[in-house]
Amino acid sequence: MDISSILQGGYQHPLSRSWQAKRQLTKSMLMYPIFITDDADAEVEIPSLPGQKRWGVNKLEGFIAPLVKKGLKSVILFGVPLKCEKDMAGTPADDPDGPVVQGIKLLRARFPSLYIATDVCLCEYTAHGHCGVLHADGTIDTEPSVARIAQVAASYARAGAHCVAPSDMMDGRIKAIKRALIDAGFGNKCTLMSYSAKFASALYGPFRDAAGSAPSFGDRKCYQLPPAAKGLARRAILRDTSEGADIIMVKPALPYLDIIQDAAELAPDHPLACYQVSGEYAMIYAGARAGVYDLRTMAFETCESMLRAGCTLILTYFTPQFLDWLDE
Ligand code: PBG
Ligand code: ZN
């Protein structure tokens with residue numbers, strides 16, 4: 001055998017195998033998505049998202065405390081209004097007594113070291129379930145959409161969110177939100193994480209179940225990106241960096257590793273997030289249950305592929321398990 005043929009000498013030990021990665025998965029890279037509902041005492045299983053629940057504000061502390069003890073560093077909050085009146089402007093989104101504003105305040109008060117991000121969108125709060133404000137014909141009315149989304153983002157910043165993360169995909173919202181944050185005095189107090197390359201994916205189904213945010217008619221294909229659109233994704237990433245995004249996100253993650261790699265190249269000076277979405281999580285669970293692979297091995301393999309592609313931060317429902325697994 002020729003000397004240049006031999007690679008196996010370099011990775012025969014678990015430790016030397018770990019050195020083959022440019023970066024290792026760590027607890028601080030994980031952001032945990034949680035669903036907060038307006039029934040304050042709720043603790044309700046979400047059948048399509050095994051192990052995940054909708055939490056009422058009164059149950060949050062007991063749920064989060066053990067995770068913080070294990071090393072949880074950050075969460076991203078999603079509001080699930082079940083009892084309130086939804087309308088055309090998504091008024092409940094920043095209701096001062098609503099689940100997100102109340103959740104931010106509670107978590108800030110009880111867990112001073114926890115980094116709190118909030119998803120910003122209207123679909124959970126509009127009567128029609130679309131992510132923006134609509135014209136009479138059902139198409140997106142961009143200007144009022146962006147204005148309302150910026151207003152909601154500023155409300156979350158005022159409530160104490162460390163980071164606002166718009167997932168609506170309306171044109172121009174990053175610039176408008178950055179402006180609104182600055183005007184409200186939060187230019188230097190709140191991070192803007194853009195869901196920049198968010199695709200119209202089949203993988204959001206369990207989330208829409210969990211959040212009650214499925215559109216009542218049509219789909220999201222005129223604002224979320226077409227799955228084959230590499231060029232549009234690149235343009236959206238560049239646009240959002242120029243409009244003032246502090247963090248760029250790609251979503252979903254596993255079917256879009258090439259886009260993560262593109263984002264790492266196009267925005268090398270920004271943190272890069274990717275979202276292992278509800279359908280990816282459910283798929284990994286279902287495969288493990290069907291005996292296709294071991295759950296933990298597959299969870300690591302998927303997240304390590306995201307790191308390899310260039311992300312520096314992963315939003316994943318596996319966060320609680322990783323807090324245990326990364327200790328072992
Ligand atoms: C709201 C939003 C969605 C997700 C995050 N924010 C759903 C959607 O766009 O339909 C998906 C997250 C997941 O599937 O885990 N716009
Ligand atoms: Zn939405």
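In the predicted model, an N or O atom in the side chain of R220 is placed 3.1 Å from an oxygen atom of ligand 1, a polar contact being a pair of N or O atoms within 3.5 Å. Q224 likewise directs a polar side-chain atom to a ligand 1 oxygen atom, at 2.9 Å, and for K198 the corresponding distance is 2.6 Å. The protein covers 100% of the 390 Å² of accessible area that ligand 1 has on its own (Shrake-Rupley method, 1.4 Å probe).

Around ligand 1 there are 18 residues (a heavy atom within 4 Å), of which K198, R208, K251, S278 and Y317 come nearest. By class, this shell comprises 10 nonpolar, three polar and five charged residues.

The zinc ion (ligand 2) is coordinated by the SG atoms of C121, C123 and C131 at 2.2 to 2.3 Å, donors being N, O and S atoms within 2.8 Å of the metal (3.2 Å for Na, K and Ca). The donor residues follow the spacing C-x1-C-x7-C.

Residues are numbered from 1 along each chain as written, with chains lettered from A and ligands numbered from 1 in written order. Local features require pLDDT of at least 70 and side-chain atom pairs pLDDT 80 or more, whereas totals for chains, interfaces and linings use all residues, and side-chain values use heavy atoms, without hydrogens and water.

Terms used
A polar contact is a pair of N or O atoms within 3.5 Å; within protein, one must be able to donate a hydrogen and the other to accept it, and residues adjacent in sequence count only if both atoms are side-chain atoms. Ala, Val, Leu, Ile, Met, Phe, Trp, Tyr, Cys and Pro count as nonpolar, Asp, Glu, Lys and Arg as charged, and the others, Gly among them, as polar.
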